[in-house]
Amino acid sequence: MTSPAPKLPVSLVANPRLSSWVRFTGDGRVAISPGKVEIGQGIVTALAQIAADELDVDISKVEMIRASTAASPNEGVTSGSLSIQQSGRALRQVCAEVRQRFLFAASERLGVDAALLDVDDGTISGPGNVSTSYWELSGDVSLDHDATAGAAAKSAARRAVAGHSIQRVDIPDKVFAQPRFIHDQALPGLLHGRVLRPDISGAKLIALNETAARAVPGRVAIARDGGFAGVIADAEAAAEAALKALRKGATWSAGEPLPDEDDLAGFLKSQPVETTVIDTKPALSPREHARTLRRQYTRPYIAHASIAPSCAMARWDGDRVHVWTHSQGVYLLRADLAIVLKLPAENIVVEHMEGAGCYGHNAADDVALDAVLLAKAAGGRPVRVQWSRHDEMSHAPFGAAMAIEIEADLDADNEIIGWRHAIWSNGHAARPGRAAQPALLAATEIANPYPRMISTNPPAANGGGGDRNSVPLYDFPAWTITSHRLLTMPVRTSALRTLGGQGNVFAIESLLDEIAALRGEDPIAFHLRHLRDERARDVIRAAARRAQWKPQKQAGIGHGVGFARYKNTGAYCAAIAEIEGADDIRVKRLTLAVDVGEAINPDGVINQIEGGAIQATSWVLKERVRFDRSRITSTSWTDYPILTFSEVPAVDVEIIQRPETEPVGAGEAAHGPVTAAIANAVFDCLGVRVRDLPITRDRIIAAMELAS
Amino acid sequence: MPTVQFRLNGAAIVVDADPDQMLLDVLRNRLGIAGAHFGCGAGECGACHVMVDGRAMSSCDMPMWSVENKDVVTAEGLGTVEQPHPLQRAFISEQAMQCGYCVSGILIGAAALLKRNPLPTEAEVREALDRNLCRCGSHNRMVRAVLRAASEMALP
């Protein structure tokens, strides 16, 4: 019998060539080229740590290369909290193999057994004071070989950098205002572009009087392609002025009606759907059924609401185009651009530059196509396009609204004997580069337009979409989980942090809390009694210990708990919320415990969990995309408020370090548990269950009226 | 073309500018400043904050005529890698950001606060920064950084 070939990490299977990941440079540094991109999550630093550790070079010598389709490994999209799992594992393996190849070469050159050689900051030395270095040997050692999984990475105990908190490599530039964001780049000859978009949802441009726009000083060109229209000018203010003039000359078709924002569940449950049974667990020995609790939970559409409006630059050279973007997936964007432009992908280079945090699929990709289309009229000069705040808040995809219904069958002791969880929601993913049709906004506007892509859900094996985190981790004897994905999409949706995870965890954990209260059982005890996974139990116990669960009951104060393992395969997180409830809800403190396996940069993990907890608090207390029947109305920060400094709770995070366990991402672990913890704390404080997010004063009053 | 004269990060300058042109546009597109960011264009998010005569103000909706003879400071004017402002040092020590797009405006808000109130309480820091939005949830780290800088600056 032959032993199976050693298994390579997925990113290495797709990009096995060592030289595509690692290169020793002439100036005594090492260039590391991951396919994942920095979106404010600190990934570039964590990957540099992994490389520094495996190669035994000081991290100051590691130069991280931004992803580009010109040279980088294709690692798909930076999403789903997978970058450490995918890019981190690949780099660890690559660097271990590179190190081994250099040790063999050094052994030959120095005449010393490779096992006796040691590497210290890139210098390879052995007994008898002999030494060489990666850089001296780099002419002799070709890295144009595929990874073989033949070298073992260091054991956890031998890692000196990974597993320790270090300062992020990108932060000094941001503190000293060095141009680092795409928004700050000044290419020679740069022109500024703006695109005309309708206020009315789904309206098409049917006529355009360009006279006024043509008269604007500084205007360079007006670009038209069917219903796509925009302006290019030699200055940003001139582009704005020309757009304003163009808008006055525009005639739009009637749009497409939007749902009733006050009856999202009614809308979601009345649309044509594709129904999928996600999971069933039949009862082995049915127990006697006493009653069924039937509860409905909703969450609204949520905006990514990046602090920076989306921005891109493009420059044509004949039939080749170079694109600068803050997209999460340079290769995927390139694939969609190739479809729209009807060009081979090789004619297009897509290069990443940092933008502001995006939290999922926002307008980053859309604005890249805008720039490419406008730049066609720029005579070979680069064009920079930046969306307005208004367009960012109305034309970018939103996180999908959800209605979730759970029926819990209880026996006479109010123990759960059956569980039916059904989800109605648009799909949670319409990213570019994954279908035969493009997902980019302008593709639906040009002459011979493509239809708007109706968002779908990733398969359950990849964590699912609307169904993410819907399968209980608890030992209920039976369940059926069903997902109804809408086949209409009046409000454009795509990936927002956690996809359906936040809604499903909110629903499951709210109902668990309700059943525990019905039984008169402490919710922590109830959780522990239904969980077998020790890592799950550990985070719950750690959070409880840290929050001194359960603090003495005080008037006007409430405590609640929420737990999930992100995607049921990723990070474990338990959250305990302390809230103050009177006229309004104020979240005072969040205590979290998290287990990401090996934490590469523990402070980076804490930063991600803190950020996720605060963002989730903002979603729960304030956020809801607003619309009337014809247009999105929450197009400014006044109409789409987010949590402010004075409203932000104290956040306390404990990491359970497991250096021997495969690392997983941290960016999306906190949202579901924090949402549920706050909702359960509201019940503890006020005695009412609010099952519709966001939990606002009006919603609490409505819930109180319903209860009385 | 009319001119406007003012001080930028300590240096007197004169720029050709339409008096109704916005300060942010002139800073970014004419004067090479990256330490004031466009966020909303309506003075609602703080990403474009600059100090004008010691007060943090939005530059996206501030016409050039209103900065005539004023003292304007952007994040570039706070300090450099070689000579960092205590706030810049503290933001690095506390790793006080995620994406960092809002940070230059927040550094300006904090610097203006420390000018008028050198030893603020935590609540005062939060109140002063309520005009700045952060979407990543780095607020608490930033508040800690401001308090750290304040106590460092108070040392004799």
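How many residue pairs are in polar contact between chain B and chain A, counting pairs with both residues at pLDDT 80 or more? In this predicted model, the count is 30. The rule also finds four salt bridges across the interface of chain B and chain A. One of them joins B:Arg135 to A:Glu623, with 2.6 Å between the closest N and O atoms.

On the side of chain B that touches chain A, five elements are listed as giving two or more residues: α1 (23–29), α2 (86–93), α3 (103–116), α4 (122–128) and α5 (139–154) of chain B. The most comes from α5(B), which gives six residues. By residue class, this side of chain B divides into 23 nonpolar, 16 polar and 10 charged.

The extent of the contact is set out below.

| Item | Value |
|---|---|
| Residues from chain B in the contact | 49 residues |
| Residues from chain A in the contact | 55 residues |
| Area buried between chain B and chain A | about 4100 Å² |
| Share of the buried area on carbon and sulfur atoms | 56% |

The largest cavity has a volume of about 90 Å³. Its lining includes A:Asn469, A:Val471, A:Pro472, A:Leu473 and A:Tyr474, and also A:Val505, A:Ile508, A:Glu509, A:Phe563, A:Ala564, A:Arg565 and A:Asn568. Two elements of chain A, α12 (501–519) and β21 (557–565), each supply at least two residues of this lining. The lining residues of the largest cavity comprise eight nonpolar, two polar and two charged.

Definitions and conventions
Residues are numbered from 1 along each chain as its sequence is written. Chains are lettered from A and ligands numbered from 1 in the order in which they are written. This is a predicted model: local features need pLDDT of at least 70, side-chain atom pairs count only at pLDDT 80 or more; totals for chains, interfaces and linings use all residues. Side-chain values use heavy atoms; hydrogens and water are left out. On a 1 Å grid over the protein atoms alone, a cavity is a set of points where a 1.4 Å probe fits but cannot get out, and a pocket is an open set with protein on both sides within 12 Å along at least five of seven lines; lining residues have an atom within 4 Å of a point. Grid points are joined across faces, edges and corners, and a volume is the space filled by probe spheres set on the points. Helices (H or I, at least four residues) and strands (E, at least two) are DSSP runs, numbered from the N terminus. Ala, Val, Leu, Ile, Met, Phe, Trp, Tyr, Cys and Pro count as nonpolar, Asp, Glu, Lys and Arg as charged, and the others, Gly among them, as polar. Contact means heavy atoms within 4.5 Å. Buried area is the accessible area (1.4 Å probe) that two parts lose on being put together, summed over both. A salt bridge is a side-chain nitrogen of Lys or Arg within 4 Å of a carboxyl oxygen of Asp or Glu. A polar contact is a pair of N or O atoms within 3.5 Å; within protein, one must be able to donate a hydrogen and the other to accept it, and residues adjacent in sequence count only if both atoms are side-chain atoms.
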